[in-house]
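Morning, everyone. I'd like to walk you through the charged side chains in this one. Please have a look at the structure first.

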Amino acid sequence: MTFPFEIGGPSFRARQVRAWVFQRFARTFDEMTDLPLGEREQLAKRYPSIRPEPLQTWDADGGETRKALFDGSYEAVAMRYPDRRTVCISSQAGCGLGCTFCATGQMGLVRNLNAWEIVSQVLWAGRVFADRPTNVVLMGMGEPLANYDNIVEAIRSINDDVGISARKMTVSTVGLVPQIERLADEPLPVTLALSLHAPDDETRSSLVPINRRWPVADCIKAVKAFRRAHGRRVTIEYAMIDSVNDSSWQAKRLADLLKGSDIHVNLIPLNPTPGFGVPASPRVDAFMRELRGLGVNVTVRDTRGRDIDAACGQLAADAIASA
Ligand code: SAH
Ligand code: SF4
């Protein structure tokens, strides 16, 4: 990753700065105490901040979850668990794909983030954890595969510069089939997650409009091919919506779709968003048991950060307006 600033000086100077930025999560040149004072002051004056800084942050879950708003338009969430440190990062400000139950989709697309803005969210989390994150999930705002070149550049930098293996990164996609195929051809062993949300085209099209372009069967075929190309396990995300996608026949249809694969299903309790009136399904556990009974590997996702609109699908960067 080339920095969006010029350091100058001898080549070991660049190495020093890179270590401060990527390993010690420095925010300013002032912090880089092993640089000669004169150079440090000059750089600090020219570049008061070296990466995008949050305008505002919020804490939840007893301080174990923190959300940050950047540039008034995109957000990241740092989550501390007993056994891991996960950061959920955004690939776009807003999203143009309009999934009905998603707050980001409800706001529309503002812009693509560049690779530095994407990597910087991971560096922010490193600072929050006072340690390198163990897991990075591209599950914040936006559709990663609609900003393909920038997310691939960012993943490479997070792997090479920050030192978090691509294996510890998950790219979540709404199902842009040509880009899934393209990602399968890259030597990047990331985990892929497909936001399916329904096993039948009628229901899925009503929730995820892009399903009209790349329907369920095409998406499943593409993730199975990704699995074969990379040997990386694929996950299906499924937000549980009352009387929409939580019936027994849908559990059966989903199990049929996944038959003969080791695809893992992650059920997400629907989080409330302003523009979607249907409540969360009360059948999350029942649906999980039905899937298990049909031989499907399934878990339920936690709802970290709900109180601060930081849970899945709730990121909308409306904080400044409402603050
Ligand atoms: N655009 C990508 C990644 C960001 S969304 C994608 O769609 O996969 C991360 C996950 O949260 C997706 O599975 C998304 O469908 C889900 N999600 C969106 N709105 C939600 C809501 N209100 N409750 C629960 N999950 C939601
Ligand atoms: Fe975009 Fe993903 Fe939200 Fe759909 S669920 S609108 S693709 S961010």
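**Charged side chains and their partners**

Arg-66 is partly exposed, with a relative accessible area of 29%. Keep in mind that this is a predicted model. What does Arg-66 meet in a salt bridge? The answer is the side chain of Asp-59, at 2.7 Å, N to O. Asp-59 is partly exposed too, because its relative accessibility is 40%, and the range for that class runs between 20% and 50%.

Next residue along: Lys-67. It sits in strand β2, residues 65-70. Is Lys-67 buried or exposed? Buried, at a relative accessible area of 4%. The cut-off for buried is under 20%. So where does the side chain of Lys-67 go? One polar contact is with the side chain of Glu-75, at 3.4 Å. The Lys-67 side chain also reaches the backbone oxygen of Ile-308, at 3.0 Å.

Now the salt bridges as a set. How many does a search of the whole structure find? It finds 17. One of them joins the side chains of Glu-31 and Arg-127, at 2.8 Å, N to O. Glu-31 is in the loop between α1 (11-22) and α2 (37-46), and Arg-127 is in helix α4 (residues 115-129), so this pair ties together parts that lie 96 residues apart in sequence. Both ends are partly exposed: Glu-31 has a relative accessible area of 23%, and Arg-127 has 29%.

Another pair is Lys-259 and Asp-256. Their closest N and O atoms are 3.3 Å apart. Lys-259 is exposed, at 59% relative accessible area. Asp-256 is partly exposed, at 36%.

There is also a network. Salt bridges link three residues here: Asp-71, Arg-111 and Glu-117.

Why do such pairs form at all? Side chains of opposite charge can pair when their charged atoms come close.

Which residues gather in a patch of negative charge on the surface? They are Asp-61, Glu-64, Asp-302 and Asp-307. Residues in a patch have no salt bridge and over 30% relative accessible area. Take Asp-307. It is found in the loop between β12 (297-300) and α11 (319-322). Asp-307 counts as exposed, because its relative accessibility is 70% and the class starts over 50%.

Note on methods:
Residues are numbered from 1 along each chain as its sequence is written. Chains are lettered from A and ligands numbered from 1 in the order in which they are written. This is a predicted model: local features need pLDDT of at least 70, side-chain atom pairs count only at pLDDT 80 or more; totals for chains, interfaces and linings use all residues. Side-chain values use heavy atoms; hydrogens and water are left out. Patches are made of residues with over 30% relative accessible area and no salt bridge: like charges are joined within 9 Å, nonpolar side chains (Val, Leu, Ile, Met, Phe, Trp, Tyr) within 5 Å. Accessible areas come from the Shrake-Rupley method with a 1.4 Å probe; for residues, only the protein chains shown count as cover. A salt bridge is a side-chain nitrogen of Lys or Arg within 4 Å of a carboxyl oxygen of Asp or Glu. Lys and Arg count as positive and Asp and Glu as negative; His and the chain ends are not counted. The place of a charge is taken as NZ of Lys, CZ of Arg, CG of Asp or CD of Glu. Helices (H or I, at least four residues) and strands (E, at least two) are DSSP runs, numbered from the N terminus. Buried means under 20% relative accessible area, exposed over 50%, partly exposed in between (1.4 Å probe, protein chains only). A polar contact is a pair of N or O atoms within 3.5 Å; within protein, one must be able to donate a hydrogen and the other to accept it, and residues adjacent in sequence count only if both atoms are side-chain atoms.
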